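Visitor: I have a model open and would like to learn how to read its features. Could you walk me through it?

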Amino acid sequence: MYRRLFVFLIPWFFVHQSFANCTGSGSIKTCYDTQTGNSYTVSEFGNSTYVTGTNLRTGHTWSQTSNHIGNTTYTNGLDADGRPWNSTTTHIGNTVYQNGVDSDGNSFSNTKIIQQPTDNEQDFDSDDDSFSSFDDDDD
């Protein structure tokens, strides 16, 4: 039994790396999360981002590829059991729409309203796609 975390959009990694130590610069980074045992490489080329990961404690591997076109990001991946999943995320105004199919073959759909910053807050980053889905089944 183990918990699989599918992070659908890569920019989330760079904003929420509180336990990961990363090395590298520019378009290629390698990270290790001491809390989870996950080691992953993030490569960005143009509008595409590739992630490959391994859990050094369990030996499980996973991968995902994201392509950003206009206001939409298309992500496809393989979970730790080699099962495919996909998601499409679209920004329209201050609303983010996400839909896809998880690694169990279940369709999902989410909508998130993003609060616009006030004059005293930092600039709004419209690329912060922080949707995630947890799969806690016992296999």
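This is a predicted model: local features need pLDDT of at least 70, side-chain atom pairs count only at pLDDT 80 or more; totals for chains, interfaces and linings use all residues.

Visitor: In what order do the strands of the open sheet come?

Guide: The order is S2-S3-S4-S5-S6-S7-S8-S9-S10, which makes 9 strands with antiparallel pairing. Strand S2 (20-25) and strand S10 (107-113) each have a single partner strand, so they stand at the edges, with one side of each lacking a neighbour in the sheet. Ignoring direction, neighbouring strands of this sheet are turned against each other by 15° on average.

Visitor: Is Gln98 buried or exposed?

Guide: Relative accessible area is the value to look at, with buried meaning under 20%. Gln98 has 1%, so this residue is buried. Gln98 lies in strand S9, and its side chain makes a polar contact with the side chain of Thr89 at 3.5 Å.

Visitor: How many aromatic pairs does the count come to?

Guide: The count is 1 aromatic pair. The ring centres of Phe45 and Tyr50 are 6.3 Å apart and the planes stand at 45°, so this pair is tilted; planes under 30 degrees apart would count as stacked, and over 60 as edge-to-face.

Visitor: What relative accessibility do Phe45 and Tyr50 have?

Guide: Phe45 has 45% and counts as partly exposed. Tyr50, with 34%, is partly exposed too.

How values were computed. Residues are numbered from 1 along each chain as its sequence is written. Side-chain values use heavy atoms; hydrogens and water are left out. Two strands pair if DSSP finds at least two bridges between them. Helices (H or I, at least four residues) and strands (E, at least two) are DSSP runs, numbered from the N terminus. Axes are lines fitted to C-alpha atoms, for helices over the stretch in contact, and angles run from 0 to 180 degrees between N-to-C directions. Rings of Phe, Tyr and Trp (its six-membered ring) pair if their centres lie within 6.5 Å; planes under 30 degrees apart count as stacked, over 60 as edge-to-face and the rest as tilted. Buried means under 20% relative accessible area, exposed over 50%, partly exposed in between (1.4 Å probe, protein chains only). A polar contact is a pair of N or O atoms within 3.5 Å; within protein, one must be able to donate a hydrogen and the other to accept it, and residues adjacent in sequence count only if both atoms are side-chain atoms.
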